[in-house]
Amino acid sequence: MRQLLAVAAGLVVLAASACSAPAPPRSAVPSATPTGTAALPAPTGAHPVGTTALYLKDTSRPDPWNLDAGARELKVTLWYPTGRRDGRRAPYMTAKESELFLKRSRITGVPYDTLSRTRTNALEDAGPAGRGLPLVVLSPGFTKPVSTLTSLAEDLASRGYVVAGIDHPYESYATTLPGGRVAECLACDSDTDPGFGAGVVQGRAADVSFVLDRLPSEWDGAEVIDRSRIAMAGQSIGGAAALATMVADSRVRAGIDMDGTTYARIPGSGFSRPFMFMGAPQHVPGGRDTSWDRDWELLAGWKRWLVLSRAEHHSFTDLPLLAGALGIRPAPGALPAARSAELTRTYVAAFLDRHLKSRRQPLLEGPSSRHPEVAFCPASCGRS
């Protein structure tokens, strides 16, 4: 897979053939002056947010990338409502993870620990509050840690969800494992292999099923979860993994793919559980990536296909919010970072509220004058 650093976009847009349809190149523009420490937007829900991390080991299967590992290790970051309002804010990532991410993304001109100083909203190791809470699994894009979905995760937790974000080691530039070990991206050496994308989503589906198996016994706060109400969302190949997981594991009742080319084959008889595609303009019907066109016809239940005008591949992640701190200039005309975060949070939460909380959501019934950037496909959008 060829990684394309879109310096021209002024954003870390790593368009990867196994993760999304490649973005067209742009001419280079100068970098901006770094704006200082980034801060994620405050969650919009009623609850304070806590977070903690779990480390799980699946001894029933080897790691697909590290041939020296006898088992598949996973890092799971949990976000959830808490009764606490004061305490230490959780770090966004470690200094070493920040260093490796910036080096591999070819971002220079800022200290390598810049991302580790990003201000989050969740309280580290605060106890969970509530009961009967739905669970949402998050999976990040290829080469990205799940921390790049923190803004979305914190917002969902503030609205009354437990969120389990999975770091898939050796598929990210850096994942810290127990004992201070740092797993770097071994999968990056294989990403041009035939069938790479299909293999990644199959492996991630197995990761998710293992986490669902083990979470009740491994997390002390698991009693707050209603295990009959589970959904999954992901960005890029993480979104593709959401569909693959739903095909493989019936416990996942609903799913969202945020701008990811899909690889899992839906049965020819169709697939009836709720699913939502949410993407950038490259994902209009008949666009460069035709995988959504293929799968749309096989989605036999509740479904939506949303396209955000002026969005880019990473508009559904924290990366636009971090661009200023990294000295990266946004692309002319790109959807502003705060607006892309707002739209992502709003439509993801509406989908989950409808399908996990049985709350009517008029927002999902058609175009909204409050959100004119969002087109409902295929009816109200066409090939760009």
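**Close-up views of a predicted model**

**View 1. A lysine over a tyrosine ring.** The charged end of Lys103 sits over the ring of Tyr112, 5.1 Å from the ring centre. A charge sits over a ring if NZ of Lys or CZ of Arg is within 6 Å of the ring centre and within 35 degrees of the ring normal. The structure is a predicted model, in which local features need pLDDT of at least 70 and side-chain atom pairs count only at pLDDT 80 or more, while totals for chains, interfaces and linings use all residues. Residues are numbered from 1 along each chain as its sequence is written, and side-chain values use heavy atoms, with hydrogens and water left out.

**View 2. An aromatic cluster with a lysine over one ring.** One aromatic cluster is formed by Phe275, Phe277, Trp292, Trp296 and Trp305. Lys303 lies over the face of Trp296, 4.3 Å from the ring centre.

View 3. The whole structure holds ten aromatic pairs (ring centres of Phe, Tyr or Trp, the latter by its six-membered ring, within 6.5 Å; planes under 30 degrees apart are stacked, over 60 edge-to-face, the rest tilted). Phe277 and Trp305 form an edge-to-face pair, 6.3 Å centre to centre with 65° between the planes. Because Phe277 lies in strand β12 (residues 275-279) and Trp305 in strand β13 (residues 303-308), the pair ties together parts that are 28 residues apart in sequence. Strands (E, at least two residues) and helices (H or I, at least four) are DSSP runs, numbered from the N terminus. Phe277 is buried, at 0% relative accessible area, and Trp305 is buried at 2%. Buried means under 20% relative accessible area, exposed over 50%, and partly exposed in between, with a 1.4 Å probe and protein chains only.

**View 4. Helix α7.** The 20 residues of α7 (residues 337-356) should span 28 Å at 1.5 Å a residue, and the end C-alpha atoms are 28 Å apart, which agrees. The expected span is 1.5 Å times one less than the number of residues. Of the 20 residues of α7, 15 are buried, so the helix is largely enclosed by the rest of the structure. Ser358, which follows α7, has a positive phi near 55°.

**View 5. Two loop arginines with positive phi.** Most residues other than glycine have a negative phi. Arg106, in the loop between α1 (95-104) and β5 (123-124), has a positive phi of about 60°. Arg106 is partly exposed, at 49% relative accessibility. Arg310, in the loop between β13 and α6 (319-322), has a positive phi near 70°. Arg310 is partly exposed, at 41%.
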